[in-house]
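Take a look at the structure below, and let's walk through it together. We'll start with pairs of charged side chains and finish with a pocket.

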Amino acid sequence: MTAAVFFGCAFVAFGPALALYIFTIATEPLRIIFLIIGAFFWLVSLLLSSFIWFMAATLTDNKDEPRQRDLLIFGVLISVLIQEVFRFAYYKLLKKSSEGLKSINPVSGLGFGIMSGVFSFVNTLSDSLGPGTVGIHGDPPQFFLNSAFMTLVIILLHMFWGIVFFDGCEKKKWYTLLVVLLTHLLVSALTFISPYSGLNLVLAYIILVLTGIWAFFVSGGSCRSLKLCLLCQDKDSLLFNQRSR
């Protein structure tokens, strides 16, 4: 049962990202490079935010529960801010590349998302192998599944945030960057809600759908192109449009 939970949750959390990598990135060496660079930028942001949190925790040196919770909230706030700063720095790097930003920014966002998902879920996933059993004291046993779906949301949101963020930078719509920052903070704050309630997942998926629709139209999508895609029609035109970006 534990192995089934492990592989099932891993498939839920990372399956769509793996499919995106196989079908849209793996065949293009340049996209693989930008994916790795995006993951590296996220790792550096994590290192910097972890250092700041560690310094804050060392200076306060308080073991009571309210102070520890305040430090945790502070760490999340700092982490989100630094991630968005590094996203902007990555935009500046991509701006100098010869490849069009519209074809690369989803890749960079996916790099951010995959690395974020790995670090946020790998420890939880390893705990699913035991020796403990979730729900043995009457608690709902869906903790690992809820965590997997939340990880999936984070991965996909990073990809959508990358598209919207880069478009805002290109068109100098600075309010777009603020919206990305605020939604990132909101989704991160939802992780403080007990995963047993399911409310965090509902709100997170609402944000995911709205951000995905926004990213779709920002990247040049339309109701007509969506209809053609869903009906599997005019494939050559769709592929040509994707390459031309």
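A salt bridge here is a side-chain nitrogen of Lys or Arg within 4 Å of a carboxyl oxygen of Asp or Glu. Keep in mind that this is a predicted model, where local features need pLDDT of at least 70 and side-chain atom pairs count only at pLDDT 80 or more, while totals for chains, interfaces and linings use all residues. Residues are numbered from 1 along each chain as its sequence is written, and side-chain values use heavy atoms, with hydrogens and water left out.

How many salt bridges does the structure hold? There are 3. Let's begin with E170 and K95, whose closest N and O atoms are 2.6 Å apart. This pair ties together distant parts of the chain, since E170 belongs to helix α5 (residues 143-171) and K95 to helix α3, 75 residues apart. Helices (H or I, at least four residues) are DSSP runs, numbered from the N terminus. Both partners are partly exposed, a label for anything between buried (under 20% relative accessible area) and exposed (over 50%), using a 1.4 Å probe and protein chains only: E170 has 37% and K95 has 47%.

Stay in helix α5 for the next pair. K171 forms a salt bridge with D167, at 3.3 Å between the closest N and O atoms. They sit 4 residues apart in the helix, so about one helical turn separates them. K171 is partly exposed at 47%, whereas D167 is buried at 11%.

Now hop over to helix α3, residues 65-95. There, E84 and R87 meet in a salt bridge of 2.9 Å, N to O. Being 3 residues apart, they too are separated by about one helical turn. Buried or exposed, what is R87? R87 is buried, with 1% relative accessibility, and E84 is buried as well, at 7%.

A pocket is an open set of points on a 1 Å grid over the protein atoms alone, with protein on both sides within 12 Å along at least five of seven lines; lining residues have an atom within 4 Å of a point. The second largest pocket has a volume of about 1,000 Å³, counted as the space filled by probe spheres set on the points, which are joined across faces, edges and corners. Of its 33 lining residues, L72, V76, S120, S188 and T191 are the closest to the centre. Helices α2 (29-60), α3, α4 (101-127), α5 and α6 (174-190) each give two or more residues to that lining.

Key
On a 1 Å grid over the protein atoms alone, a cavity is a set of points where a 1.4 Å probe fits but cannot get out, and a pocket is an open set with protein on both sides within 12 Å along at least five of seven lines; lining residues have an atom within 4 Å of a point.
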